[in-house]
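Biologist: Could you take me on a close look at one part of this model? I'd like to start with the residues packed away inside.

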Amino acid sequence: MSNESTQYKEILLKGIWHENPVAYQVLGICSALAVTVKMSTAIVMSLALTLVTGFSSMIISSMRNKIPSNIRIIAELAVIASMVIVTDEILKAFFYDISKQLSIFVGLIITNCIVLGRAEAFALANNPMDSFVDGIANGLGYSLVLIAVAFIRELLGAGEFLGYSVIPNVIYNAGYQNMGLMLLAPGAFFIIGLLVWLKNSLSGSNK
Amino acid sequence: MSDNNFDKNSKKNVIQFSLMLSVICSLLITGAASGLKHLQQENIKLDKKANILKAANLIDGNNKPPKDEILRIYQTHIKEGLVNQEGQPVEIENDDVLHLYYYHTNNHIDGYILPIHTKGLWGKIQGYLAFENDGQTVSGFSVFSHAETPGLGGEIENAWFRKNFKGKKILNSQNKFVSVGIAKGKVKNLPKNLQDHYVDGISGATLTGQYLSEGIKSTLTKYEAVSIAFRQKRLKAMDK
């Protein structure tokens, strides 16, 4: 039993930190740019992606002995796409305002390399429970980067935290201006680059 | 299943597997879509009402009130109307008829709200533009849906952009119809005689601003007869 839990702990640590999908595997960058303008969008996107990766990895893993090799990728995409579409429909029905905020980005989870990447790299060769944990772990790793980037972009680009203005007017009146670049994609690129650098120097010689 | 001879790559399995997967996925998706459709449409209808109220400044844009309150305020203050091309109220709906909304307090019409439906940069922009009952002063603007770039064109849905519309005039000092548009850059850099007819542009989103300006202009031109009627004070009170 303790073997299992150390195993899960290993999988979790790998996904969240050591082999972080964005910082180490360099996956899922596109949406990391697009949804990180505001923290609230980033948080919901992270949640959606984490759950989709976890469950799709679990489902694909449970079918791994039956999926024919030549239609492997299509089969994985079918599972992932169906799951994302159903998630989108559920959001539109029960969490309408959030779904409006996310608009097209929920659908874009299908194209997020992390989901397909974990299916290919892990789910096909491991059992469903391990795959589920791995999916959640990678989702959490992605969330970590996303929320960090969004925090910085929202703070520097709009002077806000979760939609609330946090920079006192005193500082604005003294001449400080919001860094417009942070609201644009290049700003996101810079932040992600810096975070990858930071992450790799912190865990550098370990792997 | 634990058949020793099970070959996942056999032609038989490929076909069987694909069929099963397709059927299950289709059922799931169609099930979710049709099962939830009613709820989704209710949400859309409620959101449209909330946006109409937002344009008329009857609710605060930043804190959306609960469903019951939105419905109550809508019921009390908004009346849907149909007019023909000449601005005359009509009863029967057909293709030539224009939709609009009157907002009223106790049978006194305070203003009217026009639906804006225009092409944007990446998709359609839908919103509502509200006017005071003088037929020329904008009292509010709200965006119901759009597909513009978040952080750039997407700023049209934010309060800072929308509140600039309040007080703008669609008639110039010579009483000529000029509509209201989105400037490239800040309004304060425009000549004084134009400042009442433009709002600040969104930096990095010139095209969205252009499309929205064109869309507003063509919509207002269509509804000009209604505005004229208000200007001539013909629609101050509702006939019951």
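How many residues does the largest nonpolar core have, and which residues have the most contacts inside it?

Modeller: Happy to! This is a predicted model, so local features need pLDDT of at least 70 and side-chain atom pairs count only at pLDDT 80 or more, while totals for chains, interfaces and linings use all residues. Residues are numbered from 1 along each chain as its sequence is written, and chains are lettered from A and ligands numbered from 1 in the order in which they are written.

The largest nonpolar core has 45 residues (buried Ala, Val, Leu, Ile, Met, Phe, Trp, Tyr and Cys joined through C-beta atoms within 7 Å; buried means 20 or more other C-beta atoms within 10 Å, exposed 12 or fewer, with C-beta atoms placed from the backbone). Those with the most contacts inside this core are M45(A), A48(A), V52(A), I109(A), V145(A), L146(A) and V149(A). Two or more residues each come from α3 (39-62), α4 (72-94), α7 (113-121), α8 (128-158) and α10 (185-203) of chain A (DSSP runs numbered from the N terminus: helices H or I, at least four residues; strands E, at least two). The most is given by α8(A), which supplies eleven residues.

Take M45(A) as your way in. Setting aside neighbours within four places in sequence, M45(A) is in contact with S31(A), V35(A), L102(A), F105(A) and L146(A) (C-beta atoms, placed from the backbone, within 7 Å). Apart from this core lies another, of 42 residues, with Y103(B), Y211(B), I216(B) and F230(B) among them.

Now over to chain B, where five strands form an open antiparallel sheet in the order β1-β2-β3-β4-β5 (pairing needs at least two DSSP bridges). At the edges stand β1 (78-83) and β5 (138-145) of chain B; each has a single partner strand, so one side of each is left without a neighbour in the sheet. The partner β4 (124-132) of chain B pairs with β5(B) in the antiparallel sense over six bridges, and G127(B) stands opposite V143(B) in β5(B).

Two loop residues of chain B are worth a stop too. N107(B), in the loop between β2 (98-105) and β3 (108-119) of chain B, has a positive phi, near 70°, without being a glycine. N107(B) counts as exposed because 10 C-beta neighbours lie inside 10 Å. S179(B), another non-glycine, has a positive phi of about 65° and is found in the loop between α3 (159-162) and β6 (181-182) of chain B. With 20 other C-beta atoms within 10 Å, S179(B) is buried.

Technical notes:
Contact = placed C-beta atoms within 7 Å.
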